Amino acid sequence: MKKFVLDLSVVSVEQIHEKYVLLRLTHSCPLPEMMPGQFVEVRVDDSANTFLRRPISINFVDRKQNELWLLVAAVGDGTRRLFRLHAGDKLNCILPLGNTFSLMGEPLSAGLSFLNKNMKVLLIGGGVGVAPLLYFGSYLCHFGIEPMFLLGARSAKDLLLLDEFGKYGRVYVTTEDGSAGERGFVTNHSVLQNESFSQISTCGPKPMMMAVAKYAQKSDIYCEASLENLMACGLGACLCCVEKTTGGNLCVCKEGPVFNVNRLLW
């Protein structure tokens with residue numbers, strides 16, 4: 001897929017949590033094709049401590065409004081600088097990067113017309129890892145497959161974009177303190193005992209994804225994980241994001257970020 005370097009215009013900066021903002025970006029021309037699971041590399045200007053671009057998952061693509069949404073977590077000085085953007089500012093991005101989610105190993109570019117519309121797909125996310133699951137869920141819904149979302153957080157106030165997820169499928173929630181949904185971790189939720197699934201796709205903290213992968217393997221469910229390794233260049237050149245797999249050491253930014261969990265040496 002062709003890559004672009006674009007100066008995107010900021011439409012809005014919405015602080016949805018003390019640690020998260022939702023950036024809506026646009027361009028004077030139609031945005032290029034982007035698929036669920038891919039990411040962008042953002043240049044952070046006016047930061048003496050930020051030399052490399054920052055990788056950010058594609059949260060959503062609104063074709064009607066010609067908008068790209070990025071869910072940004074304040075991790076360091078670079079991402080905190082993005083919180084200070086205003087409508088009308090420019091943000092330089094390289095996009096789209098990385099591979100995409102699939103369905104049962106079949107690429108989304110196939111159009112999904114070959115799939116059984118009754119298949120059950122569960123999308124499990126935690127923290128900022130929920131970001132790529134919104135676009136994936138909307139994509140599945142567009143092709144007639146209603147996804148189910150299982151989203152985990154420390155407390156009710158840390159749950160993100162629940163109304164947006166609810167537009168595309170059923171939403172289940174866990175919180176560690178029990179302030180919303182079921183108490184505990186995502187792998188403890190009753191939906192995993194009460195429903196059967198054709199596929200699970202997950203993104204979030206590594207311990208959570210490892211637990212989800214273990215559940216899927218034990219239950220013989222096809223499972224993919226979108227890894228969040230540190231990615232500096234986004235092109236496989238700097239080797240910052242190497243992950244050990246059954247096929248050797250692979251760059252997550254180039255060969256991933258989405259992997260069949262059976263390929264991961266967890």
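Tutor: Start with what covers the buried residues of α5: this includes β9 (121–126), α4 (191–194), β13 (199–203) and β14 (222–226). Helices (H or I, at least four residues) and strands (E, at least two) are DSSP runs, numbered from the N terminus.

Student: Where do these coordinates come from?
Tutor: This is a predicted model, where local features need pLDDT of at least 70, side-chain atom pairs count only at pLDDT 80 or more, and totals for chains, interfaces and linings use all residues. Residues are numbered from 1 along each chain as its sequence is written, and side-chain values use heavy atoms, with hydrogens and water left out.

Student: Back to α5. How many residues does α5 have, and how far does it reach?
Tutor: Helix α5 covers residues 206–218, which is 13 residues. From its first C-alpha to its last it reaches 18 Å, close to the 18 Å expected at 1.5 Å a residue. The expected span is 1.5 Å times one less than the number of residues.

Student: Which residues of α5 are buried?
Tutor: Met 208, Met 209, Val 212, Ala 213, Tyr 215 and Ala 216. Buried means under 20% relative accessible area, exposed over 50%, and partly exposed in between (1.4 Å probe, protein chains only).

Student: Why are they on the same side of α5?
Tutor: Because they cover an arc of only 160° around the axis. The arc is that of the directions from the helix axis to the C-beta atoms.

Student: And which exposed residues sit on the face turned away?
Tutor: Pro 207, Lys 214 and Lys 218.

Student: What follows α5?
Tutor: Asp 220, and its phi is positive, near 60°.

Student: Pick one residue for me.
Tutor: Take Val 212 in helix α5. Its relative accessible area is 0%, so Val 212 is buried.

Student: What is Val 212 in contact with?
Tutor: Leave aside its neighbours within four places in sequence. Then Val 212 is in contact with Ile 124, Val 186, Thr 187, Ile 200, Thr 202 and Cys 223. Contact means heavy atoms within 4.5 Å.

Student: Now sheets. What order do the 7 strands of the open sheet take?
Tutor: The order is β12-β11-β10-β9-β13-β14-β17, and the pairing is mixed. Two strands pair if DSSP finds at least two bridges between them. The edge strands, β12 (182–183) and β17 (258–260), each pair on one side only.

Student: How many bridges link β9 and β10?
Tutor: There are 5, and β9 pairs with β10 (residues 148–153) in the parallel sense. Gly 126 has Gly 152 in β10 as its bridge partner.

Student: Where does α5 touch this sheet?
Tutor: α5 packs on the sheet at β9, β13 and β14. Its direction makes about 170° with that of β13. Axes are lines fitted to C-alpha atoms, for helices over the stretch in contact, and angles run from 0 to 180 degrees between N-to-C directions.

Student: Which strands of that sheet does α2 lie across?
Tutor: α2 lies across β9, β10 and β13, running at about 165° to β9. Helix α2 (residues 131–142) also lies across β4 (54–62) and β5 (67–73), at about 30° to β4.

Student: Is α2 mostly covered or mostly open?
Tutor: Mostly covered, with 10 of its 12 residues buried. Leu 133, Tyr 135 and Phe 136 are among them. After α2 comes Gly 144, with a positive phi near 90°.

Student: What do β1-β2-β5-β4-β3-β6 close into?
Tutor: A barrel of 6 strands, with antiparallel pairing. Neighbouring strands of this sheet are turned by 45° against each other on average, direction ignored.

Student: What joins β1 to β2?
Tutor: A hairpin, through 2 residues. β1 (residues 4–17) and β2 (residues 20–26) pair antiparallel over 7 bridges, and Gln 15 stands opposite Val 21 in β2. β1 also runs antiparallel to β6, joined by 6 bridges.

Student: And β3 with β6?
Tutor: Strand β3 (residues 39–42) is joined to β6 (residues 90–97) by 3 bridges. Phe 39 stands opposite Leu 97.

Student: Zoom out. How many helices and strands are in the protein chain?
Tutor: 6 helices and 17 strands. Of its 266 residues, 53% count as buried.
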